[in-house]
Amino acid sequence: RFVVAVKQVRDINQLKPVVLSIAGLDPSGGAGIVADIKTIASLECFPAAVITSITFQNTIGVFGASHQSAAIVKAQIEPIVTDYKVAAVKTGMLATAEIIVEVARAFRTTDLPAPVVDPVMRATSGDELIESDALDTLKSELFPLSCIVTPNIPEAERLVNSSIRSVDDMRQAAREIQRLGARAVLVKGGHLRGLEQQAGALAIDILVDERGALAEFQAEYIQGGDVHGSGCTLSAAIAACLGKGMQMVDAVGEAKQYVTERIRLAQTLGHGARPM
């Protein structure tokens, strides 16, 4: 009976699309792999994970990190791709050029689908999460392999080396980032300056798709302080929706609705940003 029960559980799990997160571990549970797993499971997909870095952090800040070697990242990816048919992938914290090159190699040499690339650069607390020499590698190695890149405004500003102060600036930045090789780009507007001071403000995200068409996604800007893990949650949600067969524009719209509700329900558990 035990053998039959185990087989039944495995069969149920295999019916769900497998969504792989390649990202860092936030032991406080607000961001990174833990946030991705919660999101992927909530959206009725089966989560798998490859840990690129182990961070030492809580809701207040990041106190250090231990980055995995390329060999360890490879050793995590290979058993997954030889066993599962992965429906979608997202990448998060890729702190070193060595890790980025190995992750890009995996996409080039296996049947992993084109990833949702969340270009994680800095934590909510302001702590750097990518080494200075790795950003160019991220752009040259991984952006051209992606199905979509999902920077927030501070990340987009670093990618295009200019200030973003309006929705028009977001549109321009999205097009510039697409010219770096990304198939599609979503510039997230939750960090647009001044939103927190406007009653009834909207959080607007701008998508430029693979055909160059622009789409705008609006949701209520939820007041109440910083949240921890919204970018990780959004990229994981997009990947889950793509894994279920949605088209890109529908996946982004569904993911934005999901993240908006998670922000609304975020709890004050620690002494800093609210984990989602």
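Let's start with the charged pairs: there are 15 salt bridges in this structure, where a salt bridge is a side-chain nitrogen of Lys or Arg within 4 Å of a carboxyl oxygen of Asp or Glu. Keep in mind that this is a predicted model, in which local features need pLDDT of at least 70 and side-chain atom pairs count only at pLDDT 80 or more, while totals for chains, interfaces and linings use all residues. Residues are numbered from 1 along each chain as its sequence is written, and side-chain values use heavy atoms, with hydrogens and water left out.

Take Asp 36 and Lys 90, a salt bridge whose closest N and O atoms are 3.1 Å apart. Asp 36 sits in helix 2 (residues 32-42) and Lys 90 in strand 4, so this pair ties together parts that are 54 residues apart in sequence. Helices (H or I, at least four residues) and strands (E, at least two) are DSSP runs here, numbered from the N terminus. Is this pair buried or exposed? Both Asp 36 and Lys 90 are buried; buried means under 20% relative accessible area, exposed means over 50%, and partly exposed is in between (1.4 Å probe, protein chains only).

Strand 9 (residues 214-220) gives us two further pairs to look at. Glu 216 meets Arg 171 in a salt bridge, 3.0 Å from N to O. Arg 171 belongs to helix 7 (residues 167-178), so the pair links parts that are 45 residues apart in sequence. Glu 216 is partly exposed at 37% relative accessible area, and Arg 171 is partly exposed at 26%. Then there's Glu 220, which forms a salt bridge with Arg 264, with the closest N and O atoms 3.2 Å apart. Arg 264 lies in helix 9 (residues 248-265) and Glu 220 in strand 9, so here the parts tied together are 44 residues apart in sequence. Glu 220 counts as partly exposed at 45% relative accessibility, and Arg 264 is partly exposed too, with 40%. Elsewhere, salt bridges that share partners join Arg 122, Glu 128 and Arg 158 into one network.

Now for the inside. The largest nonpolar core has 46 residues, and Leu 20, Ile 22 and Leu 112 have the most contacts inside it. Helix 4 supplies the largest share of this core, six residues. A nonpolar core, by the way, is a set of buried Ala, Val, Leu, Ile, Met, Phe, Trp, Tyr and Cys residues joined through side-chain atoms within 4.5 Å. A second, separate core has 31 residues, among them Leu 43, Val 227, Val 252 and Val 259. Going back to Ile 22, what does it touch once its neighbours within four places in sequence are set aside? Its contacts (heavy atoms within 4.5 Å) include Val 50, Ile 77, Val 89, Val 103 and Phe 107. Lys 90, the salt-bridge partner of Asp 36, is also in contact with Ile 22.

Helix 5 (residues 135-142) has Leu 135, Thr 137, Leu 138, Lys 139 and Leu 142 buried. Among the elements covering those buried residues are strand 4 (86-91), helix 4 (97-109), strand 5 (116-117) and helix 6 (153-160).

Another lysine to find is Lys 188, in the loop between strand 7 (185-187) and strand 8 (202-208). Lys 188 is buried, with a relative accessible area of 9%. Not counting residues up to four places away in sequence, Lys 188 touches residues including Asp 118, Asn 152, Met 170, Asp 205 and Leu 234.

Out on the surface, Ile 54, Phe 56, Ile 60 and Phe 63 form a nonpolar patch with about 400 Å² of accessible area together. Patches are made of residues with over 30% relative accessible area and no salt bridge, with like charges joined within 9 Å and nonpolar side chains (Val, Leu, Ile, Met, Phe, Trp, Tyr) within 5 Å. Ile 54 is in strand 2 (residues 46-57).

Finally, the backbone. Most residues other than glycine have a negative phi. Glu 44, in the loop between helix 2 and strand 2, has a positive phi near 65 degrees, and Glu 44 is exposed at 56% relative accessible area. Asn 161 has a positive phi near 60 degrees; Asn 161 lies in the loop between helix 6 and helix 7 and is exposed at 70%.

Terms used:
Accessible areas come from the Shrake-Rupley method with a 1.4 Å probe; for residues, only the protein chains shown count as cover.
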